[in-house]
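Welcome! Take a moment to look over the structure, and then we will walk through some of its features together.

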Amino acid sequence: MTKKKLKGTILLIWVAFLMLNIIACFHAYKFTHFSDEIGEKSKDPQKLSSFEKIKTLMFGIDNPRPTNNLRPTQPFETIKLKGTKEIECWSIKVDSSKGTVVLFHGFSGQKSSMLDKSDEFIKLGYSTFLVDFMGSGGSEGNQTTLGFFEAEQVKSCFDYLVEKGEKNICLFGTSMGAVAILKAMDEFKLKPATIIIECPFGSTYETVCARFHNMNIPAFPMVSLLVFWGGLQNGFWAFNHNPTKYAKNVNYPTLLFYGEKDEKVSRNEVNEIFANLNGKKKLVTFPLAWHENYLLKYKEKWVFETEAFLTNQ
């Protein structure tokens, strides 16, 4: 190869590398920041048409700010908690309460999406505390960090309830909410009575990989670039955001739910998290459930396992 061709090849590689980084930077921002535009969020990757996949690859996902379109049917109080971001919560109290269950939603969700589960906990005799993570619903900001900084908001809610005299606190989280709980337990050494988590991912890298696999697109090198830029834009090293490792410092009774057809979180990820949990623990799986609300297909089983777990602690 002549020097001229070599220089041209090197230049081409640098231009391609630069373009990949620009695309990754743009995509990472759209994935971790909600827009104020009204609209529907992007479909799950496996539901996209070929045209929609190309559009997503070119322009990133549509991520409008999650809003609360429902309200509790029971009397409730709106609580604002101050922290790095102000977050909005709904407190629903019941007479002769057995304790309080704090409910944390998943990625691109909001506290109203947890109302059906809140209702089930209320039927079991528990007060509930539903939380909008930063960027969602009535909370401040437009940012989401897949549970990294949301862990601080788990702590804020826990501390608030402790200050109010609650002694029996159950932390409940689904997907990103579950990850935020695991990180909060690891970082802040919280001491809840119990933990119930649903479908937590094993690491940031693995959860981003899953989105590419669901679109039948090679993960290399874009996943690494997306994780790098997503962390840089949000002020943390995203490669170290690892719920599998956080689980090693969880020493309280934990119930872990998982859908066996989950397209976003692998069974291996869940098995590793479960293996690392310390203390009393139970894994319950739902054979035909995807990465979804388990009450839709397995309400009776979900309620039975939840009640049994809370009763036997």
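Let's start in a loop: Leu146 sits between strand 4 and helix 4. Keep in mind that this is a predicted model. Leu146 has a positive phi of about 55° although it is not a glycine, and because its relative accessibility is 10%, under the 20% cut-off, Leu146 counts as buried.

**Backbone features to look for**
- As background, most residues other than glycine have a negative phi, and most peptide bonds are trans.
- Ser108 is not a glycine either, yet its phi is positive, at about 60°.
- You can find Ser108 in the loop between strand 3 and helix 3 (115–123).
- With a relative accessible area of 9%, Ser108 is buried.
- A cis peptide bond, with omega near 0°, runs from Phe220 to Pro221.
- Pro221 belongs to the loop between helix 6 (204–214) and helix 7 (222–234).

- Helix 4 covers residues 150–163, and at 1.5 Å a residue its 14 residues should span 20 Å; the end C-alpha atoms are 20 Å apart, so the two values agree.
- Which residues of helix 4 are buried? They are Glu150, Ala151, Gln153, Val154, Cys157, Phe158, Tyr160 and Leu161.
- A handy rule here is that an α-helix has 3.6 residues a turn, so residues three or four places apart point the same way.
- The cover over the buried residues of helix 4 includes strand 1 (77–81), strand 2 (87–92), strand 3 (100–104), strand 4 (127–131), strand 5 (169–174) and helix 5 (176–188).
- Just after helix 4 comes Gly165, with a positive phi of about 95°.

**A loop residue and a helix residue**
- Lys82 is in the loop between strand 1 and strand 2.
- Is Lys82 buried or exposed? Its relative accessibility is 67%, so Lys82 counts as exposed.
- Lys82 and Gln153 are 71 residues apart in sequence, while their C-alpha atoms are 9.2 Å apart in space.

**The whole protein**
- The protein contains 10 helices and 8 strands.
- Its radius of gyration is 21 Å, close to the 20 Å that the globule rule gives for 313 residues, so the protein is as compact as a globular protein of that length.
- The C-alpha trace spans about 85 × 40 × 35 Å along its principal axes.
- Of the 313 residues, 52% count as buried.
- Among contacts with a separation of 6 or more, 74% are between residues 24 or more positions apart.
- The protein exposes about 15,300 Å², and carbon and sulfur atoms supply 59% of that area.
- There are 38 positive and 33 negative side chains, and the centres of the two sets lie 7 Å apart.

Terms used: Residues are numbered from 1 along each chain as its sequence is written. This is a predicted model: local features need pLDDT of at least 70, side-chain atom pairs count only at pLDDT 80 or more; totals for chains, interfaces and linings use all residues. Side-chain values use heavy atoms; hydrogens and water are left out. Helices (H or I, at least four residues) and strands (E, at least two) are DSSP runs, numbered from the N terminus. The expected span of a helix is 1.5 Å times one less than its number of residues. Buried means under 20% relative accessible area, exposed over 50%, partly exposed in between (1.4 Å probe, protein chains only). Contact means heavy atoms within 4.5 Å. The radius of gyration is taken over C-alpha atoms; the globule rule is 2.2 Å times the number of residues to the power 0.38. Accessible areas come from the Shrake-Rupley method with a 1.4 Å probe; for residues, only the protein chains shown count as cover. Lys and Arg count as positive and Asp and Glu as negative; His and the chain ends are not counted. The place of a charge is taken as NZ of Lys, CZ of Arg, CG of Asp or CD of Glu.
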